[in-house]
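Dear colleague,

Please find the structure below, handed over for your records.

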Amino acid sequence: MKDLKKNPKHNNKTQNQNNSKTPLLEMAASSSSEEPPSYWRWRKHDFFPEKSFNSLSDYKKALFNIFPRLKDRLLSRSSDSFELVELRKESLNPLNKCLTWWDLIWLSFGSVVGSGIFSITGQEAHNHAGPAIVLSYAISGLSALLSVFCYTEFSVEVPVAGGSFSFLRIELGDFIAYIAASNILLEAIVGAAGLGRSWSSYFASLIRDDSDFLRIHVHSLPHGFNLLDPIAVFVLFIANGIAMSGTRQTSCLNWLSSVLTALVIVFIIIVGFIHSKAENLVPFFPFGAEGVFQAAAVVYWSYTGFDMVATMAEETKRPSRDIPIGLVGSMSMITVIYCLMSLTLTMMQKYTSIDVNAPYTVVFDQIGMKWAKYLVSIIALKGMTTSLLVGSLGQARYTTQIARSHLIPPWFAHVHPKTRTPINATLLVTILSAIIAFFTSLDVLSSVFSFSTLFIFMLMAVALLVRRYYVTGVTPKQNLVKFLACLFVIGSSSVGITVIWNLNSRSWVGYGVCAGVWCGGTVAMQLLTKQHTPTVWGVPLVPWVPSLSIGMNIFLIGSLGYQAFLRFFICTAVMLLYYLFVGVHATYDVAHHNGMEETTEVGKKSNNEGTL
């Protein structure tokens, strides 16, 4: 296997060679002129500097060798040092290290706590969970926290802008990282467009009881695309413009507004408990355990967004301290807030009487606080605004690292010398999301979402296990076979539980057998020798925590329905075509440029120490 993740016990000669290598884009710029290149340049070489795209004949040769190149990419993995050192050179200027644990906590809060808690809670409490909705939020919060643990260990050891894309490239390879990252980036862009449309609807509802009155109706366009929304486009450009102006400024604006939101939420919880009645919690499980888990699969989406904060690791001052406090601390705080808010709602009003569309507005109106309608709407608007702000930061950095690897043109990896932000990448995601938001209605956008987020969370747990139990050139082949067998047992037993649940089977024997097999696979993996131990911060109780994360994410994926699977496979097929005709050739040229396949992890320790 051609593998960039070699035995770390390698001599320093290779490391010195790696540090002297020049990226393709930088080499092209220096060869054309001795003057520092301008940030705003549009030459062909800035977009396609790879040898395969020099001419039509070169591209034909590349296509002729597509199968050996594809095999090379499928069997190759990146390394910590390559992601930390070599790829950063493609940006020409470094990102600004300006964030602390305080910033990360509120970036996560601003990204995760949006309008969902004010709408989904009432819907799921009324239809599926009843007062036990608090347990649904606790279960989903636990699942999210398990994924946060995995992200945190990687972000501490490999603090780069790519987040899960870089982590998966290191442990699972270039191809799997591309499939996962391209899907989640598509979902993020569509999600930003959806947030822009939602912001427009909320704003219109504050002015008039018609969420579409600010939109332009064009009868000649097909239904679902005939309500043009300039307000959504305006909001997207403002949010992304702020993100482009500077990371520090955006973070300060986010945490100031998020602190105000937190204070309002505390006020809602206190007032809610003052007007609560314990008898409203009876019966606590009106829909049984099935209803609790069904609601948990839906409210889980109220926790998504922290993965975008993980992309800010490269701009964190002290990753070893700030990232664990920021990510784990924020998710723990958000879980407590969600549980208290859901408990407040079900104690103030019988679950059968909860309004599914505006639960908090209606229940506060019943106790004489009619002004709460405007408070909830303003907080929801603020939540969507900060979600857009943090989302634009995360999406741009995700795009930056993908461009650094040359899966998309490296022009999008450039960091502006003054703002120290990836303006090109931000403009790309802004323009794409703005075009989608201008034409496409919310019901169409909601149907596009796939299970990309859960899929990546599951892959991150798998990648963590690979990182702990497998190192090329160190792990004996028989141990690798045993590890893969244990991983297969964990995955297949998780799928078994999911299938039994979706068949509405009441056979506890089936659940017991699958759970026993899952436990057996995890115990067997625990008995294997670990090949890697984190030096700074590590996920506790490995392999139990990542194994449980795999099981929970597979279970939540199974609850999404066949349409989510169909959309995922269609999007993946389209992206696979791009990979075959562009991505595989660009990354192949980069990997083999000046013998880059020899890159090792020799500099891993020193690189990490330099960022602590």
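S405 is in contact (heavy atoms within 4.5 Å) with L87, F165, R169, T587 and V590, leaving aside its neighbours within four places in sequence. S405 lies in the loop between α18 (372–404) and α19 (423–439); helices here are DSSP runs of H or I with at least four residues, numbered from the N terminus. With a relative accessible area of 2%, S405 is buried, a term that means under 20%, whereas exposed means over 50% and partly exposed lies in between (1.4 Å probe, protein chains only).

Please note that this is a predicted model, in which local features need pLDDT of at least 70 and side-chain atom pairs count only at pLDDT 80 or more, while totals for chains, interfaces and linings use all residues. Residues are numbered from 1 along each chain as its sequence is written, and side-chain values use heavy atoms, with hydrogens and water left out.

The structure holds 34 aromatic pairs. Rings of Phe, Tyr and Trp (its six-membered ring) pair if their centres lie within 6.5 Å; planes under 30 degrees apart count as stacked, over 60 as edge-to-face and the rest as tilted. The ring centres of W102 and W106 are 5.8 Å apart and their planes stand at 65 degrees, so this pair is edge-to-face. Both residues lie in helix α7 (residues 101–112), 4 residues apart, about one turn of the helix. W102 is partly exposed, at 34% relative accessible area, whereas W106 is buried, at 9%.

W106 also forms an edge-to-face pair with F109, at 5.2 Å centre to centre and 70 degrees between the planes. Ring pairs link W101, W102, W106, F109 and W255 into a cluster.

Yours sincerely

Key:
Helices (H or I, at least four residues) and strands (E, at least two) are DSSP runs, numbered from the N terminus.
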